[in-house]
Amino acid sequence: MEQKVIFKDLEQVEYAEAWDYQKKLLGQVQEIKKYNIALPICEQNINYNYLLFCEHPHVYTMGKSGSDKNLLVDEGYLKEKGATFFKIDRGGDITYHGPGQIVGYPIFDLEAFNLGVKQYIHKIEVAVIRTLEAYEIKSERLNGATGVWLDTQIPGKARKICAIGVKVSRYVTMHGFAFNVNTNLDYYNFINPCGFTDKGVTSMEKELGGKIDFVEVKKYLMEQFAGVFEYDYLIMG
């Protein structure tokens, strides 16, 4: 059965507010799913999935497997730079979110999509790779790491343009990806991004040499998600 996904662009939103909203939607999807188990298919409630896009003010988040040594400055210095810091419940290490970056939070029931976690992450990567192709940026995966990368086969040149870190609870996902479009990359100087000390980060702006139409990229990425995951979507205002 083709899944139904509600898309919502939260635009600029504080990290804590978006995190709380994710948890609310996660609980809602899980509750309807539990309720439907006891019902015949013809009587089950529609259980919508969700795809949230947003931008955050400057913020650093560290996943459950993260190491404090990968934050290279103290929280007092981050405050001076107008940034906040959260330890959160996703996988992965430390990353940065900020203006000019598309942050995506899929709240997807992987059982309904008939996907495992690795397949799910793979599809997110494909959606981003196809979006970059439209702008003539060649990107790929990196063996042993998640996310979308450039020039992985050139020694010393590998750089990440999209980070991925997820949580899956009773087969329902939260957290997601951070895709650098017009991101201020200077903020990555205060961390070892995703725990890496020997790889760089980049953005569409850096690769193409100028500001990119942010709204256009979001629209194209939204369409790529629908194509890769094969779902119908509704746009929620």
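Biologist: Where does Ile107 sit?
Modeller: Ile107 belongs to strand 6, residues 101-107. Strands here are DSSP runs of E with at least two residues, and helices are runs of H or I with at least four, both numbered from the N terminus. Bear in mind that this is a predicted model, where local features need pLDDT of at least 70, side-chain atom pairs count only at pLDDT 80 or more, and totals for chains, interfaces and linings use all residues. Residues are numbered from 1 along each chain as its sequence is written, and side-chain values use heavy atoms, with hydrogens and water left out.

Biologist: Is Ile107 buried or exposed?
Modeller: Ile107 counts as buried, because its relative accessibility is 0%. Buried means under 20% relative accessible area, exposed over 50%, and partly exposed in between, with a 1.4 Å probe and protein chains only.

Biologist: And which residues is Ile107 in contact with, leaving aside neighbours within four places in sequence?
Modeller: Those are Gln22, Leu25, Leu26, Val29, Asn49, Tyr50, Val172, Thr173 and Met174, with contact meaning heavy atoms within 4.5 Å. Val29 is 78 residues from Ile107 along the chain, with 8.1 Å between their C-alpha atoms.

Biologist: Switching topic: how do helix 4 and helix 6 cross?
Modeller: The axes of helix 4 (residues 117-134) and helix 6 (residues 214-229) come within 9 Å and cross at roughly 135°. That makes helix 4 oblique to helix 6: under 35 degrees would be roughly parallel, over 145 roughly antiparallel, 65 to 115 roughly perpendicular, and the rest is oblique. Axes are lines fitted to C-alpha atoms, for helices over the stretch in contact, and angles run from 0 to 180 degrees between N-to-C directions.

Biologist: Last one: where is Asn184?
Modeller: Asn184 is in the loop between strand 9 (172-180) and strand 10 (200-201). Asn184 counts as partly exposed, because its relative accessibility is 35%. Leaving aside neighbours within four places in sequence, Asn184 is in contact with Tyr96 and Pro99.
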